Amino acid sequence: MNNRYKILVVEDEKNIRSFVKTILNANEYQVILSDSCQNGIMMFTSYIPDLVILDLGLPDKDGIEFIRYVRTSSATPIIVLSARSTEEDKVSALDAGANDYITKPFGTAELVARIRAALRSYRVTENAILPDGKFTLFDLCIDYNKRIVTVAGNEIKLTQTEYNIMSYLSQNTDKVLTYATIIKEIWGYDDVGSIKKLQVNMANIRKKLGSKPGETNYIINELGVGYRMRDKTNI
Ligand code: CA
């Protein structure tokens, strides 16, 4: 059986499309190509890829539409590969549900590293520890299949990034995860301001989960080092 990952590339520029295909083939990924948003959606539905590399400036519709469509039914990782480089462009793509954002021109090694990171974090989520695909700790519950977090049965509205952090921490309980480790897992790369970005996300997560007395805190802040999610067997 062929178990290589299938990657769908949605890109209208022929040169970039074939360049990306060459890189992916060299790294032993299976590649499916598409040159428009509408056709990309069709390919996504028919071939069920493991990951999508998506351009935003497509001839028929904006790539954001693709992300929105896919996110109504699937958590498949989407890496945006776009010439648009403003913070606003990145934020809107990530908020729509993209997992990562790479600006053109891009480095081959960087693209491959980010694909690996995205596939790894998705795979971990798929192979959830519990048979029902749920993680529980005190009154906290993470449903990996639905990508939903609840506290005492009430859904906590998290952004994609916040959810990804919670998911990652919960699959590495009772282990200190350094800032760099978490940053690499969630964003796939490390740059100036990453720690600040992580801390802001963590502060938001804590706020949304509600403050708890020390004994039942879900996540422990290892000052200056990173974070650790408690293990219910070792409180
Ligand atoms: Ca384009």
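**Exercise 1.** Which residues in H6 meet which residues in H7?

*Solution.* The structure is a predicted model, and the two helices to look for are H6, residues 160–170, and H7, residues 179–187. On the H6 side, the residues that take part are Thr 161, Asn 164, Ile 165, Tyr 168 and Leu 169, and they meet Thr 181, Ile 182, Glu 185, Ile 186 and Trp 187 in H7. Sorted by class, this contact of H6 with H7 has 6 nonpolar, 3 polar and 1 charged residues.

**Exercise 2.** Work out how H6 and H7 are oriented to each other.

*Solution.* Begin with the geometry: the helices pack at an angle of about 125°, and their axes are 10 Å apart. Next, compare that angle with the cut-offs, in which 65 to 115 degrees counts as roughly perpendicular and over 145 as roughly antiparallel. Finally, the crossing in which H6 passes H7 is right-handed.

**Exercise 3.** Find the protein donors of the calcium ion, and decide whether Asp 12 and Asp 55 are buried or partly exposed.

*Solution.* The donors from the protein are Asp 12 (OD), Asp 55 (OD) and Gly 57 (O), which lie 2.2 to 2.4 Å from the ion. Along the sequence, their spacing is D-x42-D-x1-G. Asp 12 sits in the loop between strand S1 and helix H1, whereas Asp 55 sits in the loop between strand S3 and helix H3, so that the pair, 43 residues apart, links distant parts of the chain. For the last step, buried means under 20% relative accessible area. Asp 55 is therefore buried, at 3%, while Asp 12, at 29%, counts as partly exposed.

Conventions
Residues numbered from 1 in each chain as written. Predicted model: local features only at pLDDT ≥ 70, side-chain atom pairs only at ≥ 80, totals over all residues. Heavy atoms only, no water. Donors = N, O, S within 2.8 Å, 3.2 Å for Na, K, Ca; no water. Helix = DSSP H or I, 4+ residues; strand = E, 2+ residues; numbered from the N terminus. Buried < 20%, exposed > 50% of the residue type's maximum accessible area, 1.4 Å probe, protein only. Axes fitted to C-alpha atoms, helices over the stretch in contact; angles between N-to-C directions. Parallel < 35°, antiparallel > 145°, perpendicular 65-115°, else oblique. Left-handed = near helix turned anticlockwise from the far one by under 90°. Contact = heavy atoms within 4.5 Å. Nonpolar A, V, L, I, M, F, W, Y, C, P; charged D, E, K, R; others polar.
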